[in-house]
Amino acid sequence: MRILRNYLIIVLLLVLFSVMYQHRIYEAALERRISSEGIENEGFRADFYSDAMRKDREFLSEACLSFLSAVEKDVRYFPIPLSEADASLGTSYVDSWMGEREYKGKGVHEGTDIMADRNERGIYPVVSISDGIVTNLGWLEKGGYRIGITSPSGVYFYYAHLDSYGDIQEGDTVMAGQFLGFMGDSGYGEEGTVGQFPVHLHLGIYSFEEGKEISVNPYYVLLELEDKKLKYYYI
């Protein structure tokens, strides 16, 4: 009798544990669903294009899923080609999205900085990640010489702190992999200001929902493009 009673207790405990475990799975799924609602959500924007987020597609809102699909469709190449002439001309980057920045007051970093191993402007070529239309070109006080390209699916790619431009103008159609200009250190001042920070490319990715500019994290997109680097001859 005691053995039977103990057995029943164990069975009840196992059933209770199973119910609690399934309930926690449901709660976790619900939390992911809530945190993914709307493309403006900080959690979604921070984890954009990560493996974890892409595996949880069923929890994404329609707007989030639509934008994710657009980026997946349009991105083709890493924005900095490899050098066929000098293998030491590498680059590096970290996940610095929404990190604190300060220029004429505190702000946040809406992008990923691809840093040049050789801190010298005008060496590293910058190419377009996607096909698209040049929708912005010229000087911005914070971004320096910048280019904004809108992809066929409406994703806006922002390339900032360039040293110079290629043979392109606003309104031009560009192809993925096309030369846009050279990496530099322009910005943080009136037009022509350089040397306020190390040479790098600031890459931003934006969606426009109902006329509102919404930033998402480029870091995981760049990781995905690591094995999709073109080769240019530069030294």
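Q: Does Tyr188 count as buried, partly exposed or exposed, and what is its relative accessibility?
A: This is a predicted model. Tyr188 lies in the loop between β11 and β12, and its phi is a positive value near 65 degrees in a residue other than glycine. Buried residues fall under 20% and exposed ones over 50%. Tyr188 therefore counts as partly exposed, with a relative accessibility of 23%.

Q: Which residues does Thr193 touch, not counting residues up to four places away in sequence?
A: A contact requires heavy atoms within 4.5 Å. With residues up to four places away in sequence left out, Thr193 touches Trp139, Asp185, Ser186, Gly187 and Tyr188.

Q: Why is strand β12 described as largely enclosed by the rest of the structure?
A: Strand β12 covers residues 200-209. A residue is buried when its relative accessible area is under 20%. Strand β12 is largely enclosed because the number of its ten residues that are buried is eight.

Q: Which residue of β12 is the bridge partner of Asp113?
A: Strand β5 (residues 112-116) pairs with β12 in the antiparallel sense over four bridges. Within β12, the bridge partner of Asp113 is His202.

Q: Which residue of β12 is the bridge partner of Phe157?
A: Strand β9 (residues 156-165) and β12 are paired in the antiparallel sense over five bridges. In β12, the partner of Phe157 is Ile205.

Q: In the hairpin of β12 and β13, which residue takes a positive phi?
A: Strand β13 (residues 212-216) runs antiparallel to β12, and five bridges join them. Phe208 stands opposite Glu213 in β13. The hairpin has two residues between the strands, and the residue with a positive phi near 55 degrees is Glu210.

Q: What is the relative accessible area of His161?
A: His161 is found in strand β9. Its phi is near 70 degrees, a positive value in a residue other than glycine. His161 is buried, and its relative accessible area is 8%.

Q: Is the ring pair of Tyr93 and Tyr219 stacked or edge-to-face?
A: A search of the whole structure finds 14 aromatic pairs. The ring centres of Tyr93 and Tyr219 lie 5.9 Å apart with the planes at 70 degrees, so the pair is edge-to-face. This pair links distant parts of the chain, 126 residues apart: Tyr93 is in the loop between β2 (91-92) and β3 (100-102), and Tyr219 is in helix α5 (residues 219-224). Both Tyr93 and Tyr219 are buried, and the pair they form is edge-to-face.

Q: How many residues apart in sequence are the parts that the pair of Tyr156 and Phe208 ties together?
A: The rings of Tyr156 and Phe208 have centres 5.8 Å apart and planes at 75 degrees, so the pair is edge-to-face. Tyr156 is buried at 7% relative accessible area, whereas Phe208 counts as partly exposed at 40%. Because Tyr156 lies in strand β9 and Phe208 in strand β12, the pair ties together parts whose separation in residues is 52.

Q: Which residue lies over the face of Tyr49?
A: Ring pairs link Tyr49 into a cluster with Phe44, Phe48 and Phe67. At 4.2 Å from the ring centre of Tyr49, the residue over its face is Arg54.

Notes
Residues numbered from 1 in each chain as written. Predicted model: local features only at pLDDT ≥ 70, side-chain atom pairs only at ≥ 80, totals over all residues. Heavy atoms only, no water. Buried < 20%, exposed > 50% of the residue type's maximum accessible area, 1.4 Å probe, protein only. Pairing = 2+ DSSP bridges. Phe/Tyr/Trp six-rings, centres within 6.5 Å; stacked < 30°, edge-to-face > 60°. Lys NZ or Arg CZ within 6 Å of the ring centre and 35° of its normal.
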